[in-house]
Amino acid sequence: MNTESHHSAARERFYRRERQSVPAARAFTRAALADWQVRERSYDIVLCVSELATNALVHGVPPGRGFLLRLLPYAGGDGRGVRVEVHDSGDGVPAIPQAEVREPAEGGRGLLLVSELADKWGVGERNPGKIVWCEFAERRRENGVRGACDLGEHRYGG
């Protein structure tokens, strides 16, 4: 998102319901972002792909099925950025847990991370199942120049 040559070709890949799908989805995302020369917020994008893919495998993909990861760069009146979509055929609508997570449990924080790192996120319908998506807009500097993200911009909770 920090170059003038922001390609518009969406990328997508289908993954089976298996453990190695999450690291494969991260690698696929890193490769697409590198091809598009997206460096700004790339760590946030990859982390959210990891969380959404994990949620799809744990909660959304019935046995014998898989999920589709779609990455879409966009450019328009609202600026430029990347949209991440994870399509699965499972029932239910994911939501951020309302109760404060106090125990060092292994789950329950994925959508909380997505909601903090992404500019927008939501759930759309598909038949069967749903699409969980998030968007990352390019950030402009004070002087209007686009630039690579430095580590100080990350908004990880703490």
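The sulfur of Cys-134 sits 4.8 Å from the closest cysteine sulfur, the one in Cys-48, and that is too far for a bond. A disulfide here means a pair of cysteine sulfur atoms within 2.5 Å. The structure holds zero disulfides. Cys-48 is in none, with the sulfur of Cys-134 as its nearest cysteine sulfur.

Some ground rules. This is a predicted model, where local features need pLDDT of at least 70, side-chain atom pairs count only at pLDDT 80 or more, and totals for chains, interfaces and linings use all residues. Residues are numbered from 1 along each chain as its sequence is written, and side-chain values use heavy atoms, with hydrogens and water left out.

Are these cysteines buried or exposed? Cys-48 is buried, at 1% relative accessible area. Cys-134 is buried too, at 0%. Buried means under 20% relative accessible area, exposed over 50%, partly exposed in between, with a 1.4 Å probe and protein chains only.

Now the rings. How many aromatic pairs does a search of the whole structure find? One. Tyr-15 and Phe-67 are stacked, 5.3 Å centre to centre, with 25 degrees between the planes. The cut-offs: rings of Phe, Tyr and Trp (its six-membered ring) pair if their centres lie within 6.5 Å; planes under 30 degrees apart are stacked, over 60 edge-to-face, the rest tilted. Both Tyr-15 and Phe-67 are buried.

Last, a charge. Arg-83 lies over the face of Trp-133, 4.4 Å from the ring centre. That call needs NZ of Lys or CZ of Arg within 6 Å of the ring centre and within 35 degrees of the ring normal.
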